[in-house]
Amino acid sequence: MSLNQQPENNCSLCPRLVEYRQENRTRFPNWHNGPVPSFGKSDSALLIVGLAPGLKGANRTGRPFTGDVAGDLLYPTLISHGLAKGVFRAEADDGLELLNCRITNAVRCVPPQNKVTGPETAACRPFLSAEIASMKNLKVIVALGGVAHGAILSALGEKKSACKFAHGARHKLAAGLIMTDSYHCSRYNTNTGRLTEKMFNEVFQAVVSLL
Ligand code: URA
């Protein structure tokens with residue numbers, strides 16, 4: 001198993017995701033169709049962890065949350081809190097720059113129906129562990145959703161029973177790190193009103209005060 005932060009482009013750890021990737025490479029030959037690399041600088045103090053790339057979004061553009069509906073809330077929120085600058089145009093070449101902030105996913109490859117399995121999250125965990133270990137100035141990790149929350153705890157070897165997922169909750173982790181939970185900014189959560197713009201903004205306002 002690689003200790004790199006980034007799986008290789010033809011990573012073969014998850015048979016189901018490999019099969020889906022091959023299908024997508026045939027159907028959409030001009031898309032990224034590979035593990036989506038993290039975005040932002042490694043010397044940032046903030047790491048945001050999402051679930052997995054969306055088919056027509058991050059899997060197409062090759063940048064986390066870019067082209068996915070979830071990014072239409074995430075990136076403007078980051079800009080308004082001084083964590084990104086530029087104009088977000090939902091394309092990887094829009095020139096948007098993250099400030100003191102990096103974004104990654106618990107699972108780097110697009111899953112069918114946007115649903116990852118436990119073994120896939122476990123297989124991708126070493127990349128998240130390596131990502132966290134490489135961020136020498138890291139202070140705060142934002143978990144977008146319960147899967148990211150669990151993946152972060154496992155990646156750091158923390159007990160899951162000690163930290164329950166709750167929107168807005170703040171957890172003290174090993175080595176002085178803080179994890180803040182937010183409901184995922186998915187279309188489902190925003191359409192159903194589980195997550196409002198106000199709730200999401202409040203999370204990032206609190207996060208910025210910790211950096
Ligand atoms: N796109 C991503 O890159 N991650 C998510 O969690 C959702 C959409």
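Buried means under 20% relative accessible area. Keep that cut-off in hand for one stop on this tour. The model is predicted.

**Stop 1: the ligand.** Select the ligand. It sits in the largest pocket. Now show the residues around the ligand: G50, L51, A52, P53, G54, A58, P64, F65, D68, N105 and H184. Colour this shell by class. Six residues are nonpolar, four are polar and one is charged.

Stop 2: A polar backbone atom of L51 is 2.8 Å from an oxygen atom of the ligand. Move to D68. Here a polar side-chain atom lies 2.7 Å from a nitrogen atom of the ligand. Then pick H184. An N or O atom in the side chain of H184 is 2.7 Å from an oxygen atom of the ligand. Taken alone, the ligand exposes 230 Å², and the protein buries 94% of that.

**Stop 3: aromatic pairs.** The whole structure holds five aromatic pairs. Select F28 and W31. This pair is stacked, with 3.9 Å from centre to centre and 10 degrees between the planes. Stay on F28. Is F28 buried or exposed? Its relative accessible area is 18%, so F28 is buried, given the cut-off of under 20%.

Finish at F165 and Y183. Their ring centres are 6.1 Å apart and their planes are at 50 degrees, so the pair is tilted.

Methods:
Residues are numbered from 1 along each chain as its sequence is written. This is a predicted model: local features need pLDDT of at least 70, side-chain atom pairs count only at pLDDT 80 or more; totals for chains, interfaces and linings use all residues. Side-chain values use heavy atoms; hydrogens and water are left out. A residue is near a molecule or strand if one of its heavy atoms lies within 4 Å of it. A polar contact is a pair of N or O atoms within 3.5 Å; within protein, one must be able to donate a hydrogen and the other to accept it, and residues adjacent in sequence count only if both atoms are side-chain atoms. Accessible areas come from the Shrake-Rupley method with a 1.4 Å probe; for residues, only the protein chains shown count as cover. On a 1 Å grid over the protein atoms alone, a cavity is a set of points where a 1.4 Å probe fits but cannot get out, and a pocket is an open set with protein on both sides within 12 Å along at least five of seven lines; lining residues have an atom within 4 Å of a point. A molecule sits in a cavity or pocket if more than half of its atoms lie within 2 Å of its grid points. Ala, Val, Leu, Ile, Met, Phe, Trp, Tyr, Cys and Pro count as nonpolar, Asp, Glu, Lys and Arg as charged, and the others, Gly among them, as polar. Rings of Phe, Tyr and Trp (its six-membered ring) pair if their centres lie within 6.5 Å; planes under 30 degrees apart count as stacked, over 60 as edge-to-face and the rest as tilted. Buried means under 20% relative accessible area, exposed over 50%, partly exposed in between (1.4 Å probe, protein chains only).
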